[in-house]
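Below is a short report on one protein chain. Please look over the sequence and the 3D view before reading on.

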Amino acid sequence: MVVQLSDSSGTVDQSTDELIESIEDVLGVLLSCGFSLDDILDLTWDQINLSAKCVYKHKISMIETVMEPIAVGLGAKPS
């Protein structure tokens, strides 16, 4: 099902498209971490925002943990 939000003139607001895209990204992150849709719907917007930020930060730190030794092996200076 596709939902398209438009104003009274029938044009789609660009900021609405961006908002929908960011909501899709956040929901995707939380769903990939084992949250069910019911779990997410029980959260407030602030809780959803905080949860997604925590997941992003954790994934970034995991990537840095893997990439640092590879970079050093290729000649980069250790941080």
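The report covers confidence first, then the overall fold, and then single residues.

## Confidence

This is a predicted model. The chain has a mean pLDDT of 82, and 82% of its residues reach 70 or more. Over residues 1-5 the pLDDT is below 50, and this stretch has five contacts in the model beyond near neighbours in sequence. Confidence in the chain is lowest in helix 1, residues 14-32, with a mean of 84. Confidence is highest in helix 2, residues 37-41, at 92.

## Overall fold

How many helices and strands does the chain have? The chain holds three helices and zero strands. In sequence order, its pattern reads α-α-α.

Of the 79 residues of the chain, 10% count as buried. The chain exposes about 6600 Å², and carbon and sulfur atoms supply 61% of that area.

## Helix 3

Helix 3 spans residues 45-73 and has 29 residues. From its first C-alpha to its last, helix 3 reaches 42 Å, close to the 42 Å expected at 1.5 Å a residue. Where does helix 3 bend? The bend is at Met67 and amounts to about 30°. After the helix comes Gly75, with a positive phi near 110°.

Which residues of helix 3 are buried? They are Ile48, Ser51, Ala52 and Val55.

## Residues one by one

| Residue | Relative accessibility | Class |
|---|---|---|
| Val55 | 14% | buried |
| Ser51 | 19% | buried |
| Glu68 | 35% | partly exposed |
| Cys33 | 38% | partly exposed |
| Asp25 | 41% | partly exposed |
| Cys54 | 46% | partly exposed |

Ser51 has its place in helix 3. Is Ser51 buried or exposed? Ser51 counts as buried because its relative accessibility is 19%, and the cut-off for buried is under 20%. Which residues does Ser51 contact, leaving aside its neighbours within four places in sequence? The contacts of Ser51 are with Leu30, Phe35 and Leu43.

Val55 also lies in helix 3. At 14% relative accessibility, Val55 is therefore classed as buried. Apart from neighbours within four places in sequence, Val55 is in contact with Val29, Leu30 and Cys33. The C-alpha atoms of Val55 and Val26 are separated by 9.8 Å, while the two residues stand 29 residues apart along the chain.

Asp25 is found in helix 1. With a relative accessibility of 41%, Asp25 counts as partly exposed. Asp25 and Ala52 are 27 residues apart in sequence, and their C-alpha atoms are 9.2 Å apart in space. Ala52 is one of the buried residues of helix 3.

Glu68 lies in helix 3. The relative accessible area of Glu68 is 35%, so Glu68 is partly exposed. Not counting residues up to four places away in sequence, Glu68 touches Pro78 and Ser79. Glu68 and Ser79 are eleven residues apart in sequence and 8.1 Å apart in space, C-alpha to C-alpha.

## Cysteines

A disulfide is a covalent bond between the sulfur atoms of two cysteines. How many disulfides does the model have? The count comes to zero, where the rule asks for a pair of cysteine sulfur atoms within 2.5 Å. Cys33 counts as partly exposed because its relative accessibility is 38%. Cys54 is also partly exposed, at 46% relative accessibility. Cys33 is one of the contacts of Val55.

Notes: Residues numbered from 1 in each chain as written. Predicted model: local features only at pLDDT ≥ 70, side-chain atom pairs only at ≥ 80, totals over all residues. Heavy atoms only, no water. Helix = DSSP H or I, 4+ residues; strand = E, 2+ residues; numbered from the N terminus. Buried < 20%, exposed > 50% of the residue type's maximum accessible area, 1.4 Å probe, protein only. Areas by Shrake-Rupley, 256 points an atom, 1.4 Å probe, with all protein chains shown as cover. Expected span 1.5 Å × (residues − 1). Bend = angle between axes of the 7 residues up to and from the residue. Contact = heavy atoms within 4.5 Å. pLDDT = per-residue confidence, 0-100.
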